[in-house]
Amino acid sequence: MESVKMATDETTTAALAKALAHPARIRILRLLQATPGCIGGEIVGAVGLAQSTVSEHLRILKAAGVITGEIDGPRVCYALNPAALAPLAELIMGLTPPPNGACCIPGARENA
């Protein structure tokens, strides 16, 4: 049962990484961080891409749970969902060199 949970966690983490794997999506996340509650039309102007392209990037980010989007009249208001990034943050924070000089960096032992 533990291996099923681990595989699910790995799948979730990989999906998050894939959702972030585009420069335009990173730009969108930084924009939403700088201007919480940013409106969709403003995102298009700030990112500098076609409406349809930005919509696709927003769809991918929303499907991964990285952002939320709420309809507010004729507009959609987007916001970050930082909690969704926790599995990816845990992975990255865990990728540190082992303690006590046991190193996994190529060439590190040769230079020591």
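1. Two strands are said to pair when DSSP finds at least two bridges between them. In this predicted model, strand 1 (residues 67–72) and strand 2 (residues 75–80) meet that condition, pairing in the antiparallel sense over 6 bridges.

2. The overall composition of the chain may be stated next. The chain holds 6 helices and 2 strands, and these follow one another along the sequence in the pattern α-α-α-α-β-β-α-α. The chain has 112 residues, of which 23% count as buried. Where contacts link residues at least 6 apart in sequence, 52% of them join residues at least 24 apart.

3. Strand 1 and strand 2 form a hairpin with 2 residues between them. In the turn, Gly-73 has a positive phi of about 70°.

4. Which residues have the most contacts inside the largest nonpolar core? They are Ile-28, Ile-43, Val-54, Leu-58, Leu-61, Val-66 and Ile-67, in a core of 16 residues. Helix 1 (2–20), helix 2 (23–34), helix 3 (40–47) and helix 4 (51–63) each supply at least two residues of this core. Helix 2 gives the most, with 4 residues.

5. Ile-67 belongs to this core and also falls within the span of strand 1, residues 67–72. Leaving aside residues up to four places away in sequence, Ile-67 touches Leu-29, Leu-32, Leu-58, Leu-61, Lys-62, Tyr-78, Ala-79, Leu-80 and Asn-81. Among these neighbours, Leu-58 and Leu-61 are themselves listed with the residues that have the most contacts inside the core.

6. Residues up to four places away in sequence being excluded, His-57 touches His-22, Ala-24, Arg-25, Ile-28 and Leu-49. One of these, Ile-28, is also named with the core residues that have the most contacts.

7. The count of salt bridges comes to 1. This salt bridge joins Arg-59 to Glu-56, with the closest N and O atoms 2.7 Å apart. The two residues are separated by about one helical turn, because they stand 3 residues apart in helix 4. Arg-59 is partly exposed, with a relative accessible area of 47%. Glu-56 likewise counts as partly exposed, at 38% relative accessibility.

8. Ile-92 lies in helix 5 (residues 86–94). Ile-92 counts as exposed because its relative accessibility is 53%, the cut-off for exposure being over 50%.

Terms used: Residues numbered from 1 in each chain as written. Predicted model: local features only at pLDDT ≥ 70, side-chain atom pairs only at ≥ 80, totals over all residues. Heavy atoms only, no water. Buried < 20%, exposed > 50% of the residue type's maximum accessible area, 1.4 Å probe, protein only. Contact = heavy atoms within 4.5 Å. Core = buried A, V, L, I, M, F, W, Y, C linked by side-chain atoms within 4.5 Å. Salt bridge = Lys/Arg side-chain N within 4 Å of Asp/Glu carboxyl O.
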